Amino acid sequence: METVDNTVNSENDEEKMEDESENPWLYLEEFFMYRGKQGDSVQMQCKLCLTATIISAYKTSASNPKKHIS
């Protein structure tokens, strides 16, 4: 019975990892490179800045990257 529970947990962990590795805002790929997640925030690197500017945004709101472009 423990094996079944471990299998289910492993499958759920894999699904979470797949979800976390995806860029939530594909329409911003022209301006930002997806760098990963940190907690509930998404880390994006600006492609337009000469320095390696990292923008952090809450996973449900793209307002910080949009403001950075403006």
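# Strands, hairpin and core of a predicted model

V42 stands opposite A57 in β3. This is a predicted model.

Q: What makes β2 and β3 a pair of strands?
A: Two strands pair if at least two bridges are found between them. Strand β2, residues 41-46, and β3 share five bridges. Five meets the cut-off of at least two, so they count as paired. The sense of the pairing is antiparallel.

Q: How do you know that β1 and β2 pair?
A: Use the cut-off of at least two bridges again. β1 and β2 have six, so they pair, in the antiparallel sense. One of the residues involved is K37, whose bridge partner in β2 is V42. V42 also stands opposite A57 in β3.

Q: What holds paired strands of a sheet together?
A: Strands of a sheet pair through backbone hydrogen bonds.

Q: Why are β1 and β3 said to stand at the edges?
A: The open sheet has three strands in the order β1-β2-β3. β1 (32-38) and β3 (54-58) each have a single partner strand, so one side of each is left without a neighbour in the sheet. Neighbouring strands in this sheet are turned by 30° against each other on average, direction ignored.

Q: Which residue in the hairpin of β1 and β2 takes a positive phi?
A: G39 does, with a phi near 70°. Two residues lie between the strands of this hairpin.

Q: In what order do the elements run from the N terminus?
A: The order is α-β-β-β-α.

Q: What makes a set of residues here a nonpolar core?
A: The members must be buried, of nonpolar core types, and joined through side-chain atoms within 4.5 Å. The largest such core has 10 residues: W25, L28, F32, Y34, V42, M44, C46, I55, A57 and A62. They form a core by that definition, so each of them is under 20% relative accessible area. β1, β2 and β3 each supply at least two residues. β2 gives the most, with three.

Q: What share of the protein counts as buried?
A: Of the 70 residues, 21% do. The cut-off is under 20% relative accessible area. The accessible surface comes to about 5400 Å², and 49% of it belongs to carbon and sulfur atoms.

Methods: Residues are numbered from 1 along each chain as its sequence is written. This is a predicted model: local features need pLDDT of at least 70, side-chain atom pairs count only at pLDDT 80 or more; totals for chains, interfaces and linings use all residues. Side-chain values use heavy atoms; hydrogens and water are left out. Helices (H or I, at least four residues) and strands (E, at least two) are DSSP runs, numbered from the N terminus. Axes are lines fitted to C-alpha atoms, for helices over the stretch in contact, and angles run from 0 to 180 degrees between N-to-C directions. Buried means under 20% relative accessible area, exposed over 50%, partly exposed in between (1.4 Å probe, protein chains only). Accessible areas come from the Shrake-Rupley method with a 1.4 Å probe; for residues, only the protein chains shown count as cover.
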